[in-house]
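Keep the picture open while you read.

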Amino acid sequence: MSAVTGLTSALSSYTTGSYGQKAGTAPTQSTASSGTGTTATSSQSGGSATVLTLSDEAKALLAAMTAAGTSAAGGSALARAQAARAWLDQQYKSLGIGAALVDGQVAVDFTAQDRATLAVVAAGTGDLFTDDETKAAASVLQARFEDALAPHAVIARHTGDYASLYAAAAGYLDAASPEERATTGWVARREAVTEGLAAARAAFGKAPDTGNQNDPVRAMLDAPAPGTTSPAKTATADTLAARARAALDAQAGRARDAGTELVFDGTRTGRMVDFESFDNRTLAVVAQNAGGQFTVSEARAARKALEQRTRTTLLSAFTGSGGDPAARSVALIRQYSSMSAEEKALLGFSESFTDNVLKNYRTVSSIQSMVDAMGSSTGSLLAGGSL
């Protein structure tokens, strides 16, 4: 039994989704009022229409956000947009491509770009971006949303508690930057999540279907497969192995330049291998050594490094979530969900890990509900003077 497996026992489409709100740089708008809401239809030459329906409350909130963005965040948003424009141009030059989407897939690595920057690109701030660029940024935003909400979705699907999923989505949206909050898309999504939360609380046991096209939770639940923007997750194992081989060879070369050798354990004298720049999936690929590109020492060292990382992150998730069983379960499931197939296979993780976490979650939650009910009954008796 590996160290990580022992710990496990002890702990017992890539879609634009609702984030794609703007397509084109010169829309024409027509507005029709009806009842409590306003429907704004934007049309572009050669593109499909995007329809947003906002309530009076949402329109007031949008107006406030827009005013705040103009005075406080407007300059920041434009500055971010200009920096993003320069960055995208540099990416095209270095990658030898001319668009952010190639064959419908995001071709630019947005990993280093923060959420606020993605938001201003997706919103087409300053009319500085093409349709492809706004769609690509919107896809990445939705993918990050899905990554953050994935463990909550697992719990919701096993317990029927979709209200907690929507509450988590509300928390995620509320953590947005002023630049993102000032966009029409954010207001529409936040209103959709509020609507979904109310519906989920009213009907336990099933995902609410309000019909709101701006609902990012519904977009996530309806997606055929979760999206990801990380090259380490989308690259083939052979590609990762080739990169790892090149990186290890470079480290060995630098060690020889210093008059020593690259070593893989503390019992030998030399320059210790540095796996800091290797993501977990790459470490797993090296440890598995399916293509035979790595030595026994390299594979063993990679496995040891991966086990240490996983043990640390799982313990951190387990102990850093406080005493709330729901928060602890979410943290553990998030760690499991983030693992690649190679990591799970190498370290002995299976679906039983999630099953055990959810079983414990349901047990503790049931006990907590019983305790709460007993407390409520006792309070009623005391209030009535029966004791």
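## Helices H4 and H13

Start with helix H4 (residues 131-159) and H13, whose axes come within 9 Å and cross at roughly 115°. Axes here are lines fitted to C-alpha atoms, for helices over the stretch in contact, with angles from 0 to 180 degrees between N-to-C directions. Helices are DSSP runs (H or I, at least four residues), numbered from the N terminus. The crossing of H4 past H13 is right-handed, meaning the near helix is turned clockwise from the far one by less than a right angle.

In H4, Ala148, Pro151, His152, Val154 and Ile155 meet Ala326, Ser329, Val330, Ile333 and Arg334 in H13; contact means heavy atoms within 4.5 Å. This contact has 7 nonpolar, 2 polar and 1 charged residues. Nonpolar covers Ala, Val, Leu, Ile, Met, Phe, Trp, Tyr, Cys and Pro, charged covers Asp, Glu, Lys and Arg, and the others, Gly among them, are polar.

## Helices H12 and H13

Now find helix H12 (residues 296-319): its axis and that of helix H13 (residues 325-338) come within 8 Å and cross at roughly 160°. That makes H12 roughly antiparallel to H13 (an angle over 145 degrees). Thr313, Leu314, Ala317 and Phe318 in H12 meet Arg328, Ala331, Leu332 and Gln335 in H13. By class, there are 5 nonpolar, 2 polar and 1 charged residues in the contact of H12 with H13.

## About the model

This is a predicted model, where local features need pLDDT of at least 70 and side-chain atom pairs count only at pLDDT 80 or more, while totals for chains, interfaces and linings use all residues. Residues are numbered from 1 along each chain as its sequence is written, and side-chain values use heavy atoms, leaving out hydrogens and water.

Technical notes. Helices (H or I, at least four residues) and strands (E, at least two) are DSSP runs, numbered from the N terminus. Angles under 35 degrees count as roughly parallel, over 145 as roughly antiparallel, 65 to 115 as roughly perpendicular and the rest as oblique.
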